Every structure is written in structure tokens, then in C-alpha cells.
Amino acid sequence: MIFSFNGQMYFIIIIVLLNLWNCLADAATLDKPNIILIYTDDQGYGDVSCLNPDARFQTPNMDRLANEGLTFTNAHCSDTVCTPSRYGLLTGRYCWRTSLKTGVLGAEHPCLIEDNRITLASLLRDQGYETAMVGKWHLGMDFPGTPQNRDWTQPVQDMPLDKGFNYFYGIPASLNYGILAWFEGRFAKVPPTQFTRKKPNDLAISDYRIQPPYQNELSRGLFEIAPDFIDSECLTRFTEKSIEYIEHHTKSPSPQKPFFLYLPYTSPHKPVIPLPEFRGQGAAGAYGEFLIETDYHIGQILECLEEHKLAENTLIILTSDNGPENTYAKRYELYGHKSAGPYRGGKRDAYEGGHRVPFLIRWPNRIEAGRVWDGAVCQTDLLATFAQLLDIALPANAGEDSFSFLDVIEGKSNVKPRPAMIHHEMQGRFAIRDTIEGVEWKLILPQGKQDRELFNLTEDASETENVLGDHPEIAETLEAQLTSFITQGRTTPGPAVKNDTGWWSDLNWIEQSSF
């Protein structure tokens, strides 16, 4: 009886300890926020109405994120076009360190993110998150066979499910690149067995459509498409799938487990195709209508979070992959709307309009509503920020260009300014910004017939006056910094690491022997 009593006591003690352990584990899980990263496509700084007092349309749901959270007024994508910005966002590393020095990828290409590289998704997955991506990928995928001989019964490889995501629904790249179908996981339910090319779009400025009728035979200039694919369905499908994912998560066996949802929308990138119910809204033509529709879908995500009582502990980030498409000039002429706000240039440019983008964060549990931060941040910084949030130390070969801004999120005082940031335009031209003795400077390096340019952003954020002749010492300091950051393979503290290639011709001011 004594043995039985002791055994029973031991059993009770074990049960109590297990319950205590489970409670602690649940508490730790509940302390981790859900994270939703909404990534718009070609949305300029001035395309959010709360950031642009002269906007010719309103974005009430984006404004709501700002009013209920934290607005960054000096936030930047890591490049000025689709593919490299997405690489930087997900890896915390500048894309020009890879083999992609200019331009973007097509739909079919070896994925730019190598298998062993830490991404936002893999970092969070390894810390107990469910991870999902719904939307546009544009970082390369490996499709079975060739356009002349596909086998769509075989799975797609080297894609989001191989880079840290547990779930994927979306399209491989921009709509003008093909291969276009509604992929879920590694397969398209309706395979892209037909072919098409871009067609005229009378709704918008210098635009196109991807819509039926499609062809059954492949010929020069055509790309692959599924017979059920229509361009104007993207925003609706991506929003519905995101809501479906969130609702499925709340009904799962572990609803307390946090989730990460990466939602890269296809708007307002061409084709500019607002649904009929949004036509006639705003005063900036179809472009404004398309952003009003985008804002509507964001509102649906917010409503879903509220309905399922997830809003308080969900960290939502809204930002864009680069500045506005070059139709911004004509749009200003026709409607008086400045998509880049007060900034010079747009997509593809090294000027501010090319990379200074909306960046809004809401997290009611931790962020006081209505805050504004004017210090510089880069989208590469998300990896280090999430790592610090989860108390994770990144290895030396991860997040080489990522600086945490968690102190800003938490509203701490005396936050140190972000170290120097590098910009990069579509054709390979480099720029660097840094604050020196209280002044924010930006140096744009020469390329081809383009000379060096130096701007005092503190006094001239619109980059109207090149002051290189007045401050050669500043230019020299910034150029030396840029050279070091490139040759060392990182901008963060740590041991030097290799870029994926040696010297390349855009580094015209650096001696090849430095590599």
C-alpha cells in the first residue's frame, strides 16, 4: 500500500508539473503576435491618403492602420523593382549581393533565395508559427518540363513551400510574365495549358489586360495561362484565400498557435483593372479606383481579425515593393495626383520616389495609436526586428543588411538612428544615405552619363539641388562607407561574408582588386 500511495503521489506530481509546463508554453505562445505582412505592388508614398494631403482619392483602411498604429515617414524598399525588393524583404539582405544585378526575374527561373538562407517565413516557422503566403511571388520557380512539353501532374519545385512557408496560394510573378494560373501548394487545379499575350487596356494610362480569349497553340511572344485565369480576379481571390486561411487557423486543433501571413497583392501594378463596383470613385481615374479597391480588400482583412477577436495581438505591416510606375507623371498632369507625394522620381529610380514607400504598422497590444517615426528604416530590417522580438540571435550569414527597429515599435526613448542604408535602381546605379552630424545626406554614384549627385535630405527631401560641389568631404565619406559595405558583404556588424559574385561593372568606382 505504501508503494501504491507513493506511486500515486508521484503520478499526481507529474500531472501537476505537466499542466504547469503546458500553461507556461501556452503563455509563451500567446505572447507571440500573429503577423500579417501586406505588400502592395508599385504603390507610391503619396498613394495613401493620410500621407498625402492632396491625394485625389481616399484610402480609409490604410489610414486606419496609421491612426491606430505607427507611421514611418522615412521607410524604404531595398530596391526599386519587384524581384530584388521581395528578396530583400524576405531575407534581410540586399539583392544586388546575389547574381541578379539589374532588372527582375521572369516567372520561370531558379529561385533567387537559396535553400539554406533564413527568411522571415523560416525564422517564424522555426519558432512555432504557422506560415502562409497568398499572392504574387516573383522570386523564381521550377516548373515541370518546358513550354512545349509540360507535365502539370508533377509538382512545382524551388518555390515558397521550399523557403519557409507551410502554405501557398498565388501566382508565380507579375501578370505580364506568365506562367499564369491559380496555384495552391505545388499544383494548379486548372493548369496553364493555353497561351496568350498582353492586350490593350482602355481603362488606364499606357496599360494592358490579361483576359480571354486564349489560344490553344504556342507561338512566338505568347505565355502560358490557365483557361480560368482572369487578371481582375487577383485581389478578390487573394483576399478570400487569406480570410479562409485565418478562419481555418481559428478552427484548427491549435488555434493559440501564432500565424504569419505574407500577402503580396498585385495592385496597383499594371494592369490597372478596378472591378466595376469601384469605377467612378475618387478623382484620379482608374489608378485611383484600383487603389480604392485595394484599400477595400485590406478592410476585409481587418474585419476578419475583429470578427475572430484576433486584432489586438496581430501585428499588421503594410508597405510597397517600390515607388509608382512611370505613368505617375501623366497622372499628375491629368488629375493632379502625386503618387510619389513630394518626392522625386518613381519606380526604377535611385531618387526618393523610387524607394521611399508607405510603411504602416498596427499592433494594439504593444503600439500606442497614432505614433509617427521620422527616422530611416528599410524593409530588410524586418528580419532582425522579428528575431529580436522572439529573442533569437541571427547567425552571421543571415540578415546581413538587417537592423532591428523593435525599440521604435515599443516606443522606447533615445532610439539610435539606423546606420547607413544603400539604395539600388533597376539599371544597377547605387546610392547611400546616412546621417552625419545631424544632417541626413544621400550620395548617388555615377553610372554611364550620370554623374555623382549629393543631396541634403534634411533641407531638400525632394532632391532639387545637387550640393556635391559644396560638400566634397561628405561625398568622400559616404563613398568610402558604400565601398566597405559592398566589399565586406554586409552592412551589419559581424565578420565579412562573401557576396554571391565577384566585382561587376556597376561598381565603377571600386577597384576589382578589392574583391
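Start by selecting Y94, W96, F430, W504, W509 and F515: ring pairs link these residues into a cluster. A pair here means rings of Phe, Tyr or Trp (the six-membered ring for Trp) with centres within 6.5 Å; planes under 30 degrees apart are called stacked, over 60 edge-to-face, and the rest tilted.

Before you click on, keep in mind that this is a predicted model, where local features need pLDDT of at least 70 and side-chain atom pairs count only at pLDDT 80 or more, while totals for chains, interfaces and linings use all residues. Numbering runs from 1 along each chain as its sequence is written, and side-chain values use heavy atoms, with hydrogens and water left out.

The aromatic pair count comes to 24. For one of them, pick Y39 and Y262, a tilted pair at 6.4 Å centre to centre with 45 degrees between the planes. Y39 belongs to strand 1 (residues 34-41) and Y262 to strand 14 (residues 259-268), so this contact ties together parts 223 residues apart in sequence. Helices (H or I, at least four residues) and strands (E, at least two) are DSSP runs numbered from the N terminus. Buried or exposed? Both Y39 and Y262 are buried, with buried meaning under 20% relative accessible area, exposed over 50%, and partly exposed in between (1.4 Å probe, protein chains only).

Next, show R331 with Y287: the charged end of R331 sits over the Y287 ring, 3.4 Å from its centre. R344 does likewise over the ring of Y351, at 3.8 Å from the centre. The rule wants NZ of Lys or CZ of Arg within 6 Å of the ring centre and within 35 degrees of the ring normal.

Now for salt bridges (a side-chain nitrogen of Lys or Arg within 4 Å of a carboxyl oxygen of Asp or Glu). How many salt bridges are there? The count comes to 38.

- Select R186 and D162, whose side chains meet at 2.7 Å, N to O. R186 is in the loop between strand 8 (183-184) and strand 9 (187-188), and D162 in the loop between strand 6 (149-150) and strand 7 (167-171), so parts 24 residues apart in sequence are tied together. R186 is partly exposed at 21% relative accessibility, and D162 is partly exposed at 27%.
- Move to E453 and R429, with closest N and O atoms 3.2 Å apart. E453 is in strand 22 (residues 453-456) and R429 in the loop between strand 19 (421-424) and strand 20 (430-436). Both E453 and R429 are buried.

Last stop: select E352, R356, R433, E440, K442 and E463, which are linked in a network of salt bridges.
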